[in-house]
Amino acid sequence: MTFIAICRLEDIPSLGARRFKRDDGKVIAVFRTAEDKVFALQDKCPHKGGPLSQGIVFGESVACPLHNWCIGLNDGKALAPDEGTAEKFEARVTDGMVELDPWSGVDMPMACAPSTDAAAE
Amino acid sequence: MKLDKPKLVVVGNGMAGIRAVEELLKLAPGLYDITVFGAEPHPNYNRILLSPVLAGEQTFDDIVLNTHEWYAENNIVLHTGKKVVKIDRRARFVEADDGTRVPYDRLLLATGSDPFILPVPGKELEGVITYRDIHDTERMIAAAATKKRAVVIGGGLLGLEAANGLKLRGMEVTVVHLMPWLMERQLDRTAADLLQKTLADKGLAFRLEAKTEALLPDASGKQVAAVKLNGGEELPADLVVMAVGIRPNTGLAVSAGLHVDRGVVVNDTLQTYDPRIYAVGECVAHRGIAYGLVAPLFEQARVCANHLAQFGVARYSGSQVSTKLKVTGVDLFSAGNFTGGEGCEDIVLSDPGAGVYKRLVLKDDKLIGAVLYGDTVDGTWLFKLIREGTNVAPMRDRLMFGESNLGDTGHQGQNKAAVMADSAEVCGCNGVCKGTITKAIKEKGLFTLDEVRKHTKASSSCGSCTGLVEQILMFTAGGDYSAAPTKKSMCGCTDHTHQEVRDAIRQQHLLSIPAVYQFLEWRSPNGCASCRPAINYYLLSTWPHEAKDDPQSRFINERSHANIQKDGTYSVVPRMWGGETNSSELRRIANVVDKYNIPTVKVTGGQRLDLLGVKKEDLPAVWKELDMPSGHAYAKALRTVKTCVGSDWCRFGTQNSTLMGQQLERALWRMYAPHKVKLAVSGCPRNCAESGIKDVGIIGVDSGWEIYVAGNGGIKTEVAEFFCKVTTHEEVLEYSGAFLQLYREEGWYLERTVHFVKRVGLDYCKQRVVEDATNRKALWERLQFALDGEPDPWHEPEKAGVDLKQFIPLVPA
């Protein structure tokens, strides 16, 4: 794990998010909950690729701005009955600084594949 | 499993009991150790679909709702084929007929109902059966394979479905009915006669006003051979089906000493007189009524689960029910009081040639009942009017022709789901065809519109296909799915309605979202993506300059002041007053487009220029360099005032519509509202600005201005209604502004003016705005107060509370 400091906690609005651009162009959304917990997911909804960083954050979920899929911040999983997973990254708060491990995600090629239903047809 | 969990025992493995368990598992998974007893040797199946099984249209496997695996996955101990015979309330255990004993902390009775058996001689003969469960259905199917003649006693819903199924399986069927016409509890005589004719054409025979005196045996003395009627007629019968009604199965409750009056008596939280014992479903009497349709039972299950989960906030206050007959090829709908009586009026449409009959019963300007035969597409809408007690006086002349929840576009004009092919597209927004919906309903056991929306996305975007989806639900899953509770809660976080939330904010002078959540005891700590934007709007519109905006509770478009596009870029629409521009604005736009590589420039329907594909990082610079006001094309707010050129140039123009439009736009811009608001001003009745389909449409005539309201050019084209006629520009501003302020103060979030006016009535709006001059001026002043000092977010972002950090992505240090 290699955490890097990316911003101060107050640089992310409570119940909001900021986008982090990795050197290779991949964008990671870093979320802050009402309890000041931080989470990081690839900024890409498993449904149609919507930017999750632009969604409305509530509890430990975010609603995608494009079609309102709800994604769990803790595991990147879509709320049932929707199926799909956004890539998750490690993030934490240390001494008021938000730290992210931008290479901690596991690429999940299956996550963006059609849902199991469609695949079975 | 931990040992210290409380134990929940459910007696009854049917639709109501298991629905309550499902709802409980959603709210509080793992709270209880759950044991379920079922007298039948099957897992829970959809009893409503027995008729399609009998008719050979579905199989038993098709109608199973919860498989054995489901019980196992949820750690539920299931005892099938065991009938609970004893409840020991002191020692708190139940005992089944095989001696199985299970202790409980909470007990849920869902024992359903028993068919009523006529007390006539011969009722115990072989070949005499009732119609209640899959066992009965299988016996009928077996009988139909070897026997020829069937008599069904009872011409109600169940009897007719049984008769139809037996006929389809090749039997000769006669229906014996005590009353003068079929389904007398759901239909009036005219509709029943049409139904009887349709069924007679299918080959069914009828004996009406006929009482069964005895069932006669054959030579062996054991098997039924005929049904003897009171007139002396003897109908030969190898099979007799009794479908003369049901009664709550209360034997167990009675033996346990629980209060029973018709059914097991429960209160609004579905508790019996023993507070540890709950009861739901057909065995229950709630406020003196025992329900036999699925929608009320599911509502009971939802409330009961809420209390079992120890949330303790839901109440069941009874249901209105509607009926649809599940006989393929018969379209029939009935709801409410359709017989009329003192003070009632009828509106009737009768077209026997086309097999269509509709009767609407009104009392005190409200719809109280409806019978539809042959064309039932409006049933859902009419039922909604009945449930909600809507004042129908303003739409009396249109009531008969319905609304049907169907938009004008997107489904090739289809309005009958039954005749659509599986490959036909139902939901044009999400590309969902009929087969996909049918499959999801069957495979996932869906029952409500909401569930279909969640699983298939059909009807979840623009909603114009809602009527079709409801019909598909009805044909596929059976039953009556429109009987949702009258009170529609705002979202899953609360049981309060939009109106209750608005009222609380005003009466309690609530000024922040947390204050609303605390006062109304919200179930979630910070709401969800549907309630937060609504409450934020209610606070700001009720207490302008007092309540503080919460950008994080706004949809992204209103947070970044641009429209998000499918690829995550944004579109920018600068304001052009009344749709008029000039060379220097156009030059600046052209420069910005070049400088920021904006890929697409498009003219919008509201006479503006849309710059599409702007990167989020570029938004602040684009706004600055455009040096034009925000067009608010991204907001639930005043969008545009569309104008024709008017009397300045047009040879037909009677009024200066462009100037009027610009005055309106300058007076109303930055005005947030429950939904987007679009205006138009035309300079003459040729109406080139299309004022007839706008939220407020103004049409100039030689003597002044006509104001129209509540039009809509969207999903369902709605022509605006005439509001009033005024003379001066100032009056146009005041009347239009006052109407919009009324909408701002009393509309529900995401309700367009057309729906707002339908809900409260055009007459009400006229009273408040046109007839009451004092109130009109007060509304107009409140709107001006609210808009006073409202900043332009593009050019005063700090004042508007725009989070500017959002435009700068973080990068590795």
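1. Helices (H or I, at least four residues) and strands (E, at least two) are DSSP runs, numbered from the N terminus. On that basis chain A has 1 helix and 9 strands, and along the sequence its pattern reads β-β-β-β-β-β-β-β-β-α.

2. This is a predicted model, in which local features need pLDDT of at least 70 and side-chain atom pairs count only at pLDDT 80 or more, while totals for chains, interfaces and linings use all residues. Residues are numbered from 1 along each chain as its sequence is written, and chains are lettered from A and ligands numbered from 1 in the order in which they are written.

3. Of the 121 residues in chain A, 45% are buried (20 or more other C-beta atoms within 10 Å of the residue's own, C-beta atoms being placed from the backbone).

4. The contact between the chains takes 26 residues from chain A and 22 residues from chain B (C-beta atoms, placed from the backbone, within 7 Å). On the chain A side, strand 1 (4–8), strand 2 (16–21) and strand 5 (56–58) each give two or more residues. Strand 2 of chain A supplies the largest share, 5 residues.

5. Chain B holds an open sheet of 5 strands in the order 3-2-1-7-20, with parallel pairing (two strands pair if DSSP finds at least two bridges between them). Strand 3 (76–80) and strand 20 (277–279) of chain B are at the edges with a single partner strand each, so one side of each has no neighbour in the sheet.

6. Strand 7 (residues 106–109) of chain B runs parallel to strand 20 of chain B and is joined to it by 3 bridges. B:Leu109 has B:Ala279 as its bridge partner in strand 20 of chain B.

Note on methods. Buried ≥ 20, exposed ≤ 12 C-beta atoms within 10 Å, placed from the backbone. Contact = placed C-beta atoms within 7 Å.
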